Amino acid sequence: MFNLDNIIRRNIKVLAGYSSARDEFEGMAEVYLDANESPFESKVNRYPDPNQKLLKSRISQIKGVSEENIILGNGSDEIIDLLIRAFCNPGKDAILTLTPSYGMYRVTSEINDVTLQECMLDELFGLDVLKLLSHVQQHTKLIFLCSPNNPTGSIIPLQDIMSLCREFKGIVVVDEAYIDFAESGSCVTLLSTLPNLFVMQTFSKSWAGAGLRIGMGFGSKPIIDVLKKIKPPYNISSVNQNRALSLLTDTAVLNQRIDYIKIEREKLYQSLRSFPQVLQVFPSQANFLLFKVNKARKLYEYLAQRGVVIRDRSTQPLCEGCLRVTIGTYTQNQQFINLLNQYYDA
Ligand SMILES: *Cc1c(COP(=O)(O)O)cnc(C)c1O
């Protein structure tokens, strides 16, 4: 059975978190002389809400998750770091991830002197749950999964996530940065039944807010409370909280954009497949496509020299010859395909 007390670091468990002026007085006042701020109005002379109440209340409505089950970070990257620092003792504990996957799990574990264990996906980027579980050791505290996975675009079935949560005594983190582009649903619906599931989403992809640096974490209240205790109190600026709220006002626009990207993804998938020189195009549930060619680096450079930059993933495990292209606007995708035509006609 999952027991948070068994996996939280002892120093974090006993830590008395920082209590900010805005934590200690929550109501509305006429005169604020409690936080050593400047009294001169500049639109940003006051500290931001450390609990991001307004923003969380809107996210709660959209995602169907209670506010007490939400944490916001300075990008998902901060949430990854908070998870590792809360649960993994440096020099002793480990996290387990899949390869190939998002690079920040490795970097963040290494910064924190936490061992990285990796389980290879199969040739078609599928996950073998039993194989993953066989990598778990006594000091494995967190499993990081990414679904849809970056850079492969593949998805992990909810069934597999459920079995993993039941078998693993630590926390299963599912990074859903690209979930809005997927046909299958988010695993936030499983949160109420699985106390050791933690889900991450972000403003950086479908919400068109990468510049804001806001990541969302969803989990059981005890896990969220631990992360809240160790996060920097004012980790989301007031400017960014307000901009995020305005991005969230229009879910109709969001859905139109998601549909647009999915249609463009299908067109780009077909175009790429029509080139005999493109050896493989992997089906994707995200806003990018991974495809395989001979001499990937040469094609990458040809495109970059002509102003179209994609991502060379060919040095990643299982990704030999692979390039990753983000789905852009119709015109941008057209520019990319035109250059591919030129390249292969020449
Ligand atoms: C883009 C991406 C993110 C987003 O990170 P932010 O710090 O929120 O911008 C998270 N996870 C994966 C796998 C990504 O590809």
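Because the model is predicted, local features were considered at pLDDT of at least 70 and side-chain atom pairs at pLDDT 80 or more, whereas totals for chains, interfaces and linings use all residues. Residues are numbered from 1 along each chain as its sequence is written, and side-chain values use heavy atoms, with hydrogens and water left out.

Most peptide bonds are trans, and most residues other than glycine have a negative phi. Against this background, the bond leading from threonine 99 to proline 100 is cis, its omega being near -5 degrees; proline 100 is placed in the loop that joins strand S2 (94-99) to helix H6 (104-111).

Positive phi values occur at lysine 43, where phi is about 75 degrees although the residue is not a glycine, and at lysine 295, where phi is near 55 degrees. Lysine 43 is found in the loop between helix H3 (21-24) and helix H4 (53-63), and with a relative accessibility of 77% it counts as exposed (over 50% relative accessible area, with a 1.4 Å probe and protein chains only; buried is under 20%, and partly exposed is in between). Lysine 295 occupies the loop between strand S9 (288-293) and helix H12 (296-305), and its relative accessibility of 62% likewise places lysine 295 in the exposed class.

Methods. Helix = DSSP H or I, 4+ residues; strand = E, 2+ residues; numbered from the N terminus.
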